[in-house]
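Welcome, and please open the model in your viewer. We will go from stop to stop, selecting a few residues each time and looking at what surrounds them.

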Amino acid sequence: MGNFEQKVNKFLEIFLEEGGYVKVLEGLQNTLLIAVAGLLIGILIGTVIATVRVLPKYKVLPRVLNGICSFYVALFRGTPIVVQLLVFYYVLLPIIGWKITGVQVAMLVFGLNSGAYISEIMRSGIQSVDSGQMEAGRAVGLSFGVSMMKIVIPQAVKNILPTLGNEFISLIKETSVVSFVGAADLYVAFNYIGSNSYEFMVPYLVMALIYIVLVLFISLLVKLMERSLKKSDRRN
């Protein structure tokens, strides 16, 4: 017990007296920034891809676009996120001459990766909406795109909200690999504390606790949003 107390005291010394908390706050900020930006970019890309993939395939253009989207989804779902980070940071961005930070690279790559997964989630959500909704929109003179954006997709989002919450949780947890491109996340912050205290047990336990709290908070937020949407449905 005394040994554990020594570990805790050493952790608190580095955390409070030697500025470890500053790195933890920075890491938490970057973790949330990467996850939120990744989710928003993913929703945008995923919605576009899902819309393309449910288009009628009578003409050449929809078939070509569907092929491109299928390749995109297969590419990002078929390779690990850490490989994508390394390829973008050390290969693609230097080739095209972009100079952006590790955090910005992580936001971009997480968004592109998330878009591939959200496209499948969104596609299933769109297909779960009664086809009569689209027909009703077209019957009153709305185009396919307008009917999709104003009628079908809002209903699809309600259906897939829990799954989007799970995707956000996955993004939060996956940010632990962004240190490969020099981004300072929670892992980097607590690894710094462990390296300076020569003791990793307590820092890693605290890091795990922070991840658990984040996941529980997101889960609670998703449940509250679901309840709010259900209430609005009943009022309608």
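A residue is called buried when its relative accessible area is under 20%, exposed when that area is over 50%, and partly exposed in between, using a 1.4 Å probe and protein chains only. Before we start, note that this is a predicted model, in which local features need pLDDT of at least 70, side-chain atom pairs count only at pLDDT 80 or more, and totals for chains, interfaces and linings use all residues. Residues are numbered from 1 along each chain as its sequence is written, and side-chain values use heavy atoms, with hydrogens and water left out.

**Stop 1: a loop phenylalanine**

Select Phe200, in the loop between helix 8 and helix 9. Helices here are DSSP runs (H or I, at least four residues), numbered from the N terminus. Phe200 counts as partly exposed because its relative accessible area is 32%. Now show its contacts, meaning heavy atoms within 4.5 Å. Not counting residues up to four places away in sequence, Phe200 touches Asn191, Gly194 and Ser195. For a sense of scale, draw a C-alpha to C-alpha line from Phe200 to Asn159: the two are 41 residues apart in sequence and 42 Å apart in space.

**Stop 2: the core**

Next, colour the largest nonpolar core, which has 55 residues. A nonpolar core is a set of buried Ala, Val, Leu, Ile, Met, Phe, Trp, Tyr and Cys residues joined through side-chain atoms within 4.5 Å. Which members touch the most other members? Select Tyr72, Leu85, Phe110, Ile126, Ile172, Val178 and Phe190 to see them. Two or more core residues come from each of helix 1 (2-17), helix 2 (20-53), helix 3 (60-77), helix 4 (81-96), helix 5 (102-128), helix 7 (144-174), helix 8 (186-197) and helix 9 (201-235). In soluble globular proteins, nonpolar side chains tend to be buried together.

Stay with Ile126 for a moment. Beyond its neighbours within four places in sequence, Ile126 is in contact with Ala50, Thr51, Val54, Met148, Val152, Ile153 and Ala156.

**Stop 3: helix 5 against helix 7**

Show helix 5 and helix 7 together. Their axes are 8 Å apart and the helices pack at an angle of about 140°; axes are lines fitted to C-alpha atoms, for helices over the stretch in contact, and angles run from 0 to 180 degrees between N-to-C directions. That angle makes helix 5 oblique to helix 7, since angles under 35 degrees count as roughly parallel, over 145 as roughly antiparallel, 65 to 115 as roughly perpendicular and the rest as oblique. The contact between helix 5 and helix 7 has 14 nonpolar, five polar and two charged residues. In this scheme Ala, Val, Leu, Ile, Met, Phe, Trp, Tyr, Cys and Pro count as nonpolar, Asp, Glu, Lys and Arg as charged, and the others, Gly among them, as polar.

On helix 7, select Gln155. Is Gln155 buried or partly exposed? At 29% relative accessibility, Gln155 is partly exposed. Its contacts beyond four places in sequence are Val129 and Gln133.

**Stop 4: two partners of helix 2**

The contact uses Ile45, Ile49, Val52 and Arg53 of helix 2 and Leu65, Asn66, Cys69, Ser70, Tyr72 and Val73 of helix 3.

Select Gly20, Lys23, Val24, Gly27, Leu28 and Thr31 of helix 2 with Leu186, Ala189, Phe190, Tyr192 and Ile193 of helix 8 to see the contact. By class, it divides into seven nonpolar, three polar and one charged.

**Stop 5: a loop alanine**

Finish at Ala184, in the loop between helix 7 and helix 8. Ala184 counts as partly exposed, at 22% relative accessibility. Leaving aside neighbours within four places in sequence, Ala184 is in contact with Glu26, Gly27 and Asn30. The C-alpha atoms of Ala184 and Gly141, 43 residues apart along the chain, are separated by 51 Å.
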